[in-house]
Every structure is written in structure tokens, then in C-alpha cells.
Amino acid sequence: MFLSKLSISKKITGSMSIILLIMLSIMVISFFEIEKTDAKLKIMTNYVIPISHSINSMRMLSLEQEILVERILHKTDKDEREKALYHFKELSEKFHNELIQSQKLLTMSLEKVTLKEDAIELAQIEPYLKIIKKEHQDFHDLTLKLVVDKNTHEKDIDPVINEFNYVSDQAVVIIEKL
């Protein structure tokens with residue numbers, strides 16, 4: 001009834017105004033969604049991907065160390081064993097540096113993250129990094145004990161290696177969910 005009394009120009013103007021309001025609303029919503037996506041991409045690019053890379057580097061270093069342990073145990077020449085042991089310790093130092101880098105990146109990402117759900121997911125990585133640190137230290141200590149102490153057996157180190165691999169796999173799974 002009300003619309004029938006309006007002139008055609010007012011009906012067109014009203015319709016255009018409604019369409020413009022809808023378009024403006026869509027534009028504002030899109031702008032905020034783009035900002036949210038941009039923030040998430042920055043976190044992924046600057047922090048999550050480097051953390052993932054760092055964890056994978058730690059896994060590679062630990063695999064190299066596992067191979068070195070096998071070589072150390074089967075070498076009979078004392079000089080070769082010493083060289084391999086020295087290389088093992090170098091790899092442990094690189095591992096430790098990667099771990100510190102991961103922890104720094106994680107701390108920085110938690111400070112920069114703007115979305116609550118991203119912060120919750122990123123925070124789940126921290127306990128895994130602590131466990132990885134402990135498991136690698138156990139692996140390192142047992143390896144040194146294995147090389148020095150003849151009463152320690154190769155089978156003593158296998159559970160430590162398996163636990164380390166499991167924990168690092170879990171950290172990668174969390175990162176893949178982000």
C-alpha cells in the first residue's frame with residue numbers, strides 16, 4: 001500500500017539505495033575477512049612454516065646421529081670412532097640451535113597472533129618442543145654412555161629413539177593442522 005503511493009523515481013531511488021547498502025555491507029565484511037586472512041598468512045609465512053622447517057631439520061639431524069651411532073658402534077679404529085663421536089657432538093649442537101630457533105619463533109608467533117584459535121593451536125606446539133628437547137638430551141646422553149660404557153647396550157637406546165620420533169611426529173601433525 002505504501003509503495004503504491006510512491007512515484008516511480010522514488011521506488012527506483014529506494015531500490016538503488018538498498019542495493020548500495022547491501023554492496024557496502026558486503027564490502028565492509030569482505031575487508032575485515034581479508035584483513036583476518038592476511039594476518040593468518042603472515043603468521044603462517046613468518047612463523048609456522050619456519051617452525052615446521054626447524055622441526056624437520058631437527059628430525060634430519062637426529063637421523064644423521066642415529067646413523068653415526070651405528071657407525072661408531074661398528075668401528076674398531078679408535079681415531080675413526082673419535083671423529084664420528086666429534087661429528088655426533090657437532091650434530092647435537094646444531095640440533096640444540098634449531099630447537100632454540102623453534103622456541104624463539106614460537107614465542108614471537110604467540111606474541112603476534114591476533115586470532116584466538118590460532119594462538120590456541122600454536123600453544124599446543126610448545127609442550128612438544130620441551131619433550132623433543134628432553135628426548136634428544138636422553139638420546140645424546142645414552143649415546144655417549146653407550147660409546148664409553150661397555151655395560152650399556154645398543155637395545156637401551158632404541159626406546160629413546162622411538163619416543164623422540166613419536167614426539168616429533170606429533171609436533172608435525174599439529175603444525176599441519178594450522
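Helix α2 passes α3 in a left-handed crossing, meaning that the near helix is turned anticlockwise from the far one by less than a right angle. Helices here are DSSP runs (H or I, at least four residues), numbered from the N terminus. This is a predicted model, where local features need pLDDT of at least 70, side-chain atom pairs count only at pLDDT 80 or more, and totals for chains, interfaces and linings use all residues. Residues are numbered from 1 along each chain as its sequence is written, and side-chain values use heavy atoms, with hydrogens and water left out.

Two packed helices are described by the angle and the distance between their axes. The axes of α2 and α3 (residues 116–123) come within 9 Å and cross at roughly 160°. The two helices are therefore roughly antiparallel, a label for angles over 145 degrees. Axes are lines fitted to C-alpha atoms over the stretch in contact, and angles run from 0 to 180 degrees between N-to-C directions.

Which residues meet? L106, S109 and L110 in α2 meet A119, L122 and A123 in α3. Contact means heavy atoms within 4.5 Å. By class, this contact has five nonpolar residues, one polar and no charged.

Now turn to the largest pocket. Its volume is about 150 Å³. A pocket is an open set of points on a 1 Å grid where a 1.4 Å probe fits, with protein on both sides within 12 Å along at least five of seven lines; lining residues have an atom within 4 Å of a point. Helices α2 (78–112) and α4 (125–148) each supply at least two residues of this lining. Helix α2 gives the most, with five. Among the lining residues are F95, H96 and K133. The lining divides into two nonpolar, five polar and two charged residues.

Note on methods: Points joined across faces, edges and corners; volume = space filled by probe spheres on them. Nonpolar A, V, L, I, M, F, W, Y, C, P; charged D, E, K, R; others polar. Parallel < 35°, antiparallel > 145°, perpendicular 65-115°, else oblique.
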